[in-house]
Amino acid sequence: MNAQTAIPEVKTREMSYAEAIRDAMAIALERDPTVILMGEDIGVYGGAFQVTGDLVERFGTDRVMDTPISELGGAGVAVGAALTGLKPIFEFQFSDFAALAMEQIVNQAAKMRYMLGGEAAVPLVFRMPAGSGTGAAAQHSQSFEAWFGHVPGLKVVQPSTPADAKGLLLAALEDPDPVIIFEHKLLYKMKAQVPEGYYTTPIGKAQIMRPGRDVTIVASAIMVHRALEAAEKLAKDGIDAEVIDLRSVRPIDRDTIIASVRKTGRLLCVYEGVRTLGVGAEISAMIAESEAFDYLDAPILRLGGAEAPIPYNPDLERAAVPQAPAIEAAARQLVRREV
Amino acid sequence: MPVEVIMPKVDMDMASGKLAVWHVEEGATVKKGAALFDIETDKAAMEVEAPASGRLHHILAAPGQVIAVGAPLAFIYAEGEAVGPAPSVASAAATATPEPAPAAADAVVTTPVAAIAAVEVANGTPRATPVARRLAREAAIALESVIGSGPRQRIQKDDVEREIARRAAIKPAAPAPAPVYAAEPAAPAVWSEESGDLHVTTRKGTGTPLLLIHGFAADSAGWMALERALPRDLPLIRIDLPGHGRSPRRRIAGFADLARLVVQAFDRAAEGPVHLLGHSLGGALALALADIRPRQIKTLTLLAPAGLGPEIDGAALNGIARASATESLAPWLKRLTARPDGISHDFAKAAMLARLDPDLRAVQSDMARVLFPDGVQGFDLTAALDRVTAPTALIWGRDDHILPWSQALKAPGEVALHLLRGVGHIPHIEDPEALASLIGRHLRP
Amino acid sequence: MTMKDKVETAQDNLPFAIRHFSPDALRAALKKMYLIRLFEEGAEDSYTRGLIHGTMHLSIGQEASAVATCMELTDADKITSTHRGHGHCIAKGAEVGRMFAEFFGKETGYCHGRGGSMHIADVKTGNLGANGIVGGGLPIAVGAALTAKRLGRDDVTICFFGDGANNEGAFHEALNMASVWKLPVIFVCENNKYGMSTSIERSTAVRYIADRAVAYSMPGETVDGNDFSAVAEAMHRAIARARAGEGPSLVENLTYRWRGHSKSDRNRYRTKDEIESWMARDPIARFRADLITHGILNDESATALQQAAEADVAQGIEFAKASPAPQITEVTKFVHAEVSA
């Protein structure tokens, strides 16, 4: 798969998603002496998913800091450091553990600038490995993007490609406010061409991965790839699906989605978080309230995670989140007016 | 049947409650809503109200007893109701409602809409998608006339598109009529004549109504902007000319024939004297009506009226009557306003949507041929203008390209003359506020 | 014993504060304590008059702890504060006018009317903000100290917290990390005996919160928080240790809030006798008497300080009253950094 980030005429190199994130962090550590990495076992261990890798050897333990297993305290230290002049990149081993740090993320980091009337800034990045498919069951597989997307003051992104993983991380570091990056664990090994050197991918911009006429599929994270797979199958039957990679949950790219739905008249939202009150609900409501409403020619459909914790059994685990055949079937239903 | 008094659930995780005290004795009367007993939970003490009025009997729980949620504590008998033995406690205590069976896991493909069986009774409003509704609205097609191909007969976008195409294709290759002012008479277009009275609509209000007669190739909908600018309580009567708007497609032999139909419509619609206003061809008809029914007309307002001279932009009239697409209509419409950009593409599109029916275009082409042969006005109402007794105002745009305002100079001295700057042939659309204010002054004695 | 020795001994017998601070600094400290007391009384009065909405947590009775703790700090040093943070804010150098403006919800307030009493802050004087979450500021203070250490600065961070916060997980995580990384942070517990209504005896397994320090391998000291000099002395040692790169300390100031937890407290959990016994130990009266005893002030000049504070408070309230309210249309301003077009 090709990296879709539009960087004209630059040198690219094949990297995995994890390597692209590491590359971004290395560039950031080199460019900006105030950048530090914090997290559990991100030093010699290299991170739970080997994302920080050998960075501790290159930048030392002062800048690649192992923290105790103290998610709340660690996140709070990152907030305090950001408030006073550092730019921490804080890694949670699993996004699930961010539940331990909700206080610092939601009550402190997100609100500090506002509570202090613009007199303070919290420029930090929380990296959160997320998603199911690894057999890690209920407490290590969740997709919390809607939780954090509900909090004014936070920005929430979900890169789906190595190039975006790098570009969004560097953009997040440039952002003067806290940014949460959900990295899908199943994508860490995915390889693609990634531009070399420094660049940023804008936060808040979706990307049309595959243009189409008949139905708009808005997907995020790994669902983008499943949607593209479904779109190929649909194309064989003459159904031309447009696949949009949401990339950013907050802020959401209204314009791109509205323009697409105006064109296709049909919308399918695909996301891994629990279906109810999820990202798809927001996109659906946004379309219903927008000028695209008068162009809808079918009900809006959502495919999301099951109303259950992520189960352990591999078949159950697959059944708990949208897979390509389900996306294909739902798009077909929309186009064939079966719903 | 006595009303059961139970241990209520007053807290989320409450399974049982301790009865603290009864406020009512066995056999005493209670009123619905009055304090009946107190309970204590591990979180709070609270008062419970009587669920019904009557007499309290069969007290089953004493103060201090812990009772399961939902279990009966006593019964309230209606006044006069025979008190029998205590109703079976066993049946009453079976309060634990079984949890509903968990719904089948259906996380991935959810088809909530399709899941609803197609047994819904139609409530008279057609089911249609938003885009279908919008297209139908724009094409002035009633959804009731469209057959839906979607689930449960939902009308979809292409159903409306098909209906628009069907209507446009009723007379598919309508022969392009030769210019109406051609030397040789063109073959009349093929359309079937209808019968019936002219279509009249009214707006209720107080006082003398204002009767509106539209111009050639227009209809009553064209008054909308002016109506908005006029006083809200001014009653209105609008006449659609034959072959226009919703009036029947009637063939007319000439101006007099047309005037006769208008007088008939007037006699039917007007319950008393009216203020009369006509535009262009409708102006000529208003003048004729005022001439025929002078005592019924309180004031007469003529808006760029026809009938006061031979000159007319026949090409524009004919072009408008015949155009079958927005692209061919728009250039002619631009002649109507003072400035070419006075007509937007959307306006032209909307105008064309109202003219999609080829029958309507054919009727109007034929009417143009009769009224304006060879591109001149085939009728002269100058004499009628001299005879009018009602206070009369002539309002004309200085930049009228269809009918030159100089024709107004034929009016006798008592007729008020208003020449509007920067306005063309359709003042009621180009500057409705200014026009409304002039009309207002004219109507007020 | 030489004459010189005698003089030094006499010096040694003086309270730490008298020995250590200049008379000007001591007079300024007394004025700040008056300012805190009068500010809070003024806020209470304004609240009663309906000029302030929401709630507030008054620290009347705790002024010595706030002012003595901040005696040696500069604007480069940071503090994190608590929901009972008015005193800390003033002790660190904030102006009462802008504080009143914030309480009144005005655009001229420290937080432009977005924060109110519970989020009062003055970043320019190093106050990173009061916090509505018990224990919320603890890890943040550790982060601020981490910044100082990483960037090679010698500023220290004072982390104010109450006895209630010592049972939050954040307290333990924060103390542990500060100690592991030897960060220049001083955890200052203002133990006023009650977390809302729950007494320290009913909530906390150790007799003194400073006892917890041993678990995190740092010095812990409990002092009379109503004794200005005792607090200043303990802080002096802790700050010196932090600036020397030797790591964090825990100082526990035993004190008492005269008022209830917040404006909705009905005071059912403590006796009138208890409250009155603590009022008899008024930290301001004690400090004033000490300063007079040691010739720093006389009664007249002390009263003049009090009157100056009264004037500041009166002026502050007028400033707040006359200040404009925020624009309704700007309800989302300050959520994110302004994006320059």
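**Exercise 1.** Determine how many bridges join strand β4 to strand β5 of chain A, and in which relative direction the two strands run.

*Solution.* Begin with the elements in this predicted model: β4 covers residues 87-91 and β5 covers residues 125-130 of chain A, strands being DSSP runs (E) of at least two residues and helices runs (H or I) of at least four, numbered from the N terminus. Next, count the bridges: 3 of them join β4(A) to β5(A), and the strands run parallel; two strands pair if DSSP finds at least two bridges between them. Finally, take one bridge as an example, in which E91(A) has R127(A) of β5(A) as its partner.

**Exercise 2.** Describe the contact between chain B and chain A, including one salt bridge.

*Solution.* First, 20 residues of chain B are in contact with 23 residues of chain A, contact meaning heavy atoms within 4.5 Å. Then consider the salt bridges (a side-chain nitrogen of Lys or Arg within 4 Å of a carboxyl oxygen of Asp or Glu), of which the rule finds 2 across the interface. One of them links D294(A) with R137(B), whose closest N and O atoms are 3.8 Å apart.

**Conventions.** Residues are numbered from 1 along each chain as its sequence is written, and chains are lettered from A and ligands numbered from 1 in the order in which they are written. Local features need pLDDT of at least 70 and side-chain atom pairs count only at pLDDT 80 or more, whereas totals for chains, interfaces and linings use all residues; side-chain values use heavy atoms, with hydrogens and water left out.
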